[in-house]
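Biologist: I am new to this structure and would like to know what lies behind the words used for it. Please show it to me, and I will ask about the terms one at a time.

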Amino acid sequence: MGFKENLKSELIYKGVMVKELSVITKIKKHTLDNYLNTKKTLPNVENAVKIARALGVSVEYLVTGSEEKKKKDFQLLPLEIQLLVDIAEKLNSVNRRLAIKMVKLLKEQEDEGKKRE
């Protein structure tokens with residue numbers, strides 16, 4: 001199998017939609033669709049690395065399919081968490097501290113709700 005097939009397989013295995021991968025990698029959805037639907041379209045090295053990191057596999061695995069996937073301990077965080085981290089990294093330090101406080105407050109409210117149940 002080649003890049004296209006391995007990428008499709010990994011997306012299905014991880015339950016990731018192309019649109020989600022596009023948000024995480026900052027690669028246009030149209031570009032990802034080309035990688036998935038065109039035999040002759042392969043990503044450049046930079047995009048291949050972004051895709052592999054987002055899916056928690058190596059570029060070699062996506063290209064050859066022969067390398068074992070990374071062990072669970074080394075897999076990346078879920079895509080939703082990656083998106084939160086990506087946004088938080090772009091905030092200035094004041095807003096980042098505010099975001100942390102907001103997330104902590106949400107967690108406290110969730111915990112209180114569970115206690116009431």
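Modeller: We can start with Phe 3 and Tyr 35, which are both buried. Keep in mind that the model is predicted.

Biologist: How many aromatic pairs does the structure hold?

Modeller: The structure holds 1 aromatic pair. Phe 3 and Tyr 35 form this pair, with 6.3 Å from centre to centre and 90° between the planes.

Biologist: Why is the pair of Phe 3 and Tyr 35 called edge-to-face?

Modeller: Two rings pair if their centres lie within 6.5 Å, and planes over 60 degrees apart count as edge-to-face. For Phe 3 and Tyr 35 the centres are 6.3 Å apart and the planes stand at 90°, which gives an edge-to-face pair.

Biologist: Let us turn to helix packing. Why are α2 and α4 called roughly perpendicular?

Modeller: Angles from 65 to 115 degrees count as roughly perpendicular. The axes of helix α2 (residues 18–25) and helix α4 (residues 45–55) cross at roughly 110° and come within 10 Å. Therefore α2 and α4 are roughly perpendicular to each other. The crossing in which α2 passes α4 is right-handed.

Biologist: Which residues of α2 and α4 meet?

Modeller: From α2 there are Leu 21, Ile 24 and Thr 25, and from α4 there are Lys 50, Ile 51, Ala 54 and Leu 55. Sorted by class, the contact of α2 with α4 has 5 nonpolar, 1 polar and 1 charged residues.

Biologist: What makes the contact of α2 and α3?

Modeller: On the α2 side the contact is made by Val 18, Lys 19, Leu 21, Ser 22 and Thr 25, and on the α3 side by Lys 29, Leu 32, Asp 33 and Leu 36. By class, α2 with α3 has 4 nonpolar, 2 polar and 3 charged residues.

Biologist: Is Thr 41 buried, exposed or partly exposed, and why?

Modeller: Thr 41 has a relative accessible area of 24%, so it counts as partly exposed. Its place is in the loop between α3 and α4. Leaving out residues up to four places away in sequence, Thr 41 touches Asn 34 and Tyr 35. The C-alpha atoms of Thr 41 and His 30 are separated by 12 Å, and these residues are 11 residues apart along the chain.

Biologist: Why is Asn 47 called buried?

Modeller: The limit for buried is under 20%. Asn 47, found in helix α4, has a relative accessible area of 12% and is therefore buried. Not counting residues up to four places away in sequence, Asn 47 touches Ile 27, Thr 31 and Tyr 35.

Biologist: Does Tyr 61 count as buried or exposed, and why?

Modeller: Tyr 61 counts as buried because its relative accessibility is 10%. Tyr 61 is found in helix α5 (residues 59–64). Its C-alpha atom is separated by 9.9 Å from that of Glu 10, 51 residues apart along the chain.

Biologist: What makes Val 103 exposed?

Modeller: Exposed means over 50%. Val 103 has 52% relative accessibility and so counts as exposed. Val 103 lies in helix α7 (residues 93–116). From Val 103 to Arg 116 there are 13 residues in sequence and 20 Å in space, C-alpha to C-alpha.

Methods. Residues numbered from 1 in each chain as written. Predicted model: local features only at pLDDT ≥ 70, side-chain atom pairs only at ≥ 80, totals over all residues. Heavy atoms only, no water. Axes fitted to C-alpha atoms, helices over the stretch in contact; angles between N-to-C directions. Helix = DSSP H or I, 4+ residues; strand = E, 2+ residues; numbered from the N terminus. Parallel < 35°, antiparallel > 145°, perpendicular 65-115°, else oblique. Left-handed = near helix turned anticlockwise from the far one by under 90°. Contact = heavy atoms within 4.5 Å. Nonpolar A, V, L, I, M, F, W, Y, C, P; charged D, E, K, R; others polar. Phe/Tyr/Trp six-rings, centres within 6.5 Å; stacked < 30°, edge-to-face > 60°. Buried < 20%, exposed > 50% of the residue type's maximum accessible area, 1.4 Å probe, protein only.
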